Amino acid sequence: MTRIFLRIYGGITLSLLLVAMFTFVAFEAINHYRLLNYRMQMVSGSMNLIAGSLVGQTDAARKQHVEDISESLGVLVNLKYLDNLVLNKTELKRVKNGELVFLSPRQRGAYAVALRIPDESDLLVSVEIANVTEQMGRATVELIADFVGQGTLAEQEQRLEDIRPYFGFPISLVAPIQVFLDSEQWERIGRQESVLVLDESAKAIRLYTSLPSSRKLLFLGPIEQFDPYPYQLVIFIGFLALSFLGLAAYLLVHPLEWRLRRLEQMVKRIKKGDLDTRVEVIGKDAISQLSVAFNQMAEHVQILLDSQKELTSAVSHELRTPVARLRFGLEMIEDAKSDEERLRFMEGMDIDIEQLDELIDEILTYARLEQGTPVLHFKKLNVNDILTQICREMAETAGKAGIEIECETQAAEPVLVEAEGRYLHRVVQNLAGNAIRYAGSRVRMKFEVQQDVCKVTVEDDGPGVPENEWAHVFTPFARLDDSRNRVSGGYGLGLSIVQRIAFWHGGQVTIGRSSLGGARFEMVWPKSQKRASSGIGLVVPSLKQSA
């Protein structure tokens, strides 16, 4: 335990010391790039408006316009040709894409940015800024107001929407009633002047101005001021971390190590074959959750192994009959005296192979649903369509057996529910096939929705299922007595598959007596699978109530 403590504490301490050595450098680098990004966001919108205003002007007009903008902003604005600039490949690519690039400023402590004028391949407009001033803020408001210009409110909103992506702060039109200004500031608004308001926190500013022929105000902000990371807080946190690291590591590692050793012992016992081993769950922390997960895993493994043994035993028994018939058919083919007799035996073998294929398909389907978590793709389905489709599919089989199939739906309009279409089709198909196999003359299928619960019911007028057998009909490979086994077919997996599909839909399948005189099977599941995943149980009638 001491070695683990020393290794953890020594490793963490060394790591913290290394982090402390590079903290200052990292802070400087991060703040540098944050500042560049902040400056880019602050001037991006204005630069795009300035570049857009120079499109289509003559050289003389552009020169005069640039001088006017320089005077308005209180900064140095120039026109530069691309050939006169020293840019790397990345910066050239940004220029061609119409993005801002940083240039080397002539004044120490300042920064310069440039943007290509639209429709010009090599002409850029550049701005060199030493400090963000109030004059720049007011001039930016005026630039936006000039761009929005005259027109209806809808036109002004559309122009704002066009330029909004270029600004690193919100711009919008607001009603005067939403703005709180003093009388002097309102007077300036009335004189078509801009108003700058500093937030109480002094960390953001807001700019307002009126627009011609508009009852709303142009609002910029809040424009957050750049706030570098506080160095003092980092130093203080580092000191506290080093002081309490040893004590916290000791108090945490010691009990955790003891419980992990207990868990390791249980794993070794499972490895030796003692599947009844379980870990004692203490508390509600991460180790407790691990213990719970371990116990669930052990229980799941035990269930899977028992299920595998049971399935293997049942499969070997079920495969023996068709394989024996195939072997007998081969022997009879060898002894056949004519082609017609040989063909008859081959047709019988083909039927045996088809039944064997059906059995294997049933076994694989049951195995997928029984072990692990199957992949289900829940979609909104119209169950009425599924019932109608199965009625059509079963019509020929039912007709040959002299069975009449009735399909009842709750409403004429489609009722959409969430389910896995392939498996829901399999449920209704299995229940309908089972009902046709044992019915006397009628089978009735019904679908209905009660609030948040869906229900599919399949009934027949056959001999029914004895009440003492209700608990066993869903057991894999289970077959009842001759009262419901008067015809060939079925492998005892159909109802087991139905039960597992209902389980993975968050529902249940029940059995009872039908008003027709035979058996009634009902599958009930939530209309929405979100309800099922939230752990809300279904109100499903008991077996005796179903009767």
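This is a predicted model: local features need pLDDT of at least 70, side-chain atom pairs count only at pLDDT 80 or more; totals for chains, interfaces and linings use all residues.
Biologist: How many helices and strands does the protein chain have, and what percentage of its residues count as buried?

Modeller: The secondary structure comes to 14 helices and 15 strands. The chain has 547 residues. Buried here means under 20% relative accessible area, and the share of residues that count as buried is 39%.

Biologist: Which element supplies the largest share of the largest nonpolar core?

Modeller: That core has 43 residues, and Val383, Val417, Met445, Phe447 and Trp525 have the most contacts inside it. Several helices and strands each supply at least two of its residues, among them α10 (383-400), β12 (442-450) and β15 (519-526). The largest share is eight residues, and they come from α11.

Biologist: And how many residues does the second, separate core have?

Modeller: Tyr111, Met136, Ala145 and Phe167 are included in that one. Its count is 41 residues.

Biologist: Which residues does valine 383 contact, leaving aside its neighbours within four places in sequence?

Modeller: Contact means heavy atoms within 4.5 Å. With those neighbours set aside, valine 383 touches Val415, Val417, Leu424, Phe447, Val456 and Trp525.

Biologist: At roughly what angle do α10 and α11 cross, and what is the handedness?

Modeller: Residues of α10 including Ile386, Ile390 and Met394 take part in meeting a set in α11 that includes Val428, Ala432 and Ile436. The residues of this contact divide into ten nonpolar, five polar and one charged. The two axes come within 10 Å and cross at roughly 35°, and the crossing is right-handed.

Terms used: Residues are numbered from 1 along each chain as its sequence is written. Side-chain values use heavy atoms; hydrogens and water are left out. A nonpolar core is a set of buried Ala, Val, Leu, Ile, Met, Phe, Trp, Tyr and Cys residues joined through side-chain atoms within 4.5 Å. Buried means under 20% relative accessible area, exposed over 50%, partly exposed in between (1.4 Å probe, protein chains only). Helices (H or I, at least four residues) and strands (E, at least two) are DSSP runs, numbered from the N terminus. Axes are lines fitted to C-alpha atoms, for helices over the stretch in contact, and angles run from 0 to 180 degrees between N-to-C directions. A crossing is left-handed if the near helix is turned anticlockwise from the far one by less than a right angle, and right-handed if clockwise. Ala, Val, Leu, Ile, Met, Phe, Trp, Tyr, Cys and Pro count as nonpolar, Asp, Glu, Lys and Arg as charged, and the others, Gly among them, as polar.
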